Amino acid sequence: PSVLSSMHTLAVDGNYAYLATTDYETGGLAIVDLTDPRAPVDAGRWYASEADGSIVHDLYVKEGVAYLCAWDAGLVLVDVNDPSAPQMMGQARYDRASTTSHSVWVTESAGRKIAVEGGEDWDTHLRIIDVDPESAEFLDVIGELKLPEQVSIHNIMGASDTTALVSWYQYGIRLVDLADPTNPTITGWANTWDENDPRNANNFFEGAVGIDLVDDRVYVADIWNDLLVYEVDPGAVTEFP
């Protein structure tokens, strides 16, 4: 109750919940101590305004670092080892002010610690960002994957340590191989969108939206097709049945 904000996404790591808050002017990261789940305590706050942004839309927390999709401020890294005093580590912005950071997943590949981040807007795409503070390329975009500019990304998650699963709106779902993070490639896909459906409009909020992977099944929340379930082998180069 102490976090008086609207929220879009949360992550839980250990005894803490990390909330992506979306109130303009006060949006950011709220950290809540769940040691006693019957009495959650507001443990700390970080505001997107510190990165010249407005809100945090999505997030991923790993090993004391919160990777924040800070919307208009791009991808922002915040040290949360001390929840009472989150410290901004840096950010990877977009070239265009209108492009928004929407979803992120963090992994390691080819000896590099990387964030796989997707934007939501016209002409957005998948970015591979070096997120190792010890790297000479820290917060540089080291790889990109683009589909036609009319299509946007919604969610990203891991299918394996070196494979990302992406819901790409009208382009359905895509498996992206990250064995070479500087050259991400599509290795599997399922098209869920019918270009002739009369309900379609002139925007990118159509097609595959939510995704989850359990064992070898991908569950897709699709705008017009409701729930779709696919069987998939993350190591195979194939169209999903």
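**Reading contacts in a predicted model**

Mentor: Let's open with D36: it is partly exposed, with a relative accessible area of 32%. This is a predicted model, so local features need pLDDT of at least 70 and side-chain atom pairs count only at pLDDT 80 or more, while totals for chains, interfaces and linings use all residues. Residues are numbered from 1 along each chain as its sequence is written, and side-chain values use heavy atoms, leaving out hydrogens and water.

Trainee: Where are the cut-offs for buried and exposed?

Mentor: Buried means under 20% relative accessible area, exposed means over 50%, and partly exposed is in between (1.4 Å probe, protein chains only). R38, at 77%, counts as exposed.

Trainee: And what do the side chains of R38 and D36 form?

Mentor: Side chains of opposite charge can pair when their charged atoms come close. The cut-off for a salt bridge is a side-chain nitrogen of Lys or Arg within 4 Å of a carboxyl oxygen of Asp or Glu. R38 and D36 meet in one, at 3.3 Å from N to O. The count by this rule comes to 8 salt bridges.

Trainee: Which residues are linked in a network of salt bridges?

Mentor: R112, D130 and E137 are. Within it, the side chains of E137 and R112 meet at 2.5 Å, N to O. E137 lies in the loop between β11 (126-130) and β12 (141-145) and R112 in strand β10 (residues 112-119), so this pair ties together parts 25 residues apart in sequence. Those strands are DSSP runs (E, at least two residues; helices are H or I, at least four), numbered from the N terminus.

Trainee: How do strands β18 and β19 pair?

Mentor: Two strands pair if DSSP finds at least two bridges between them. β18 (residues 217-222) and β19 (residues 226-231) pair in the antiparallel sense over 6 bridges, and they form a hairpin with 3 residues between them. D222 has D226 as its bridge partner. The side chains of E231 and R217 also meet in a salt bridge, 3.6 Å from N to O.

Trainee: How many aromatic pairs does a search of the whole structure find?

Mentor: Rings of Phe, Tyr and Trp (its six-membered ring) pair if their centres lie within 6.5 Å; planes under 30 degrees apart are stacked, over 60 edge-to-face, and the rest tilted. The search finds 1 pair. The ring centres of Y169 and F205 are 6.1 Å apart with planes at 85 degrees, so it is edge-to-face. Y169 is buried at 2%, whereas F205 is partly exposed at 44%.
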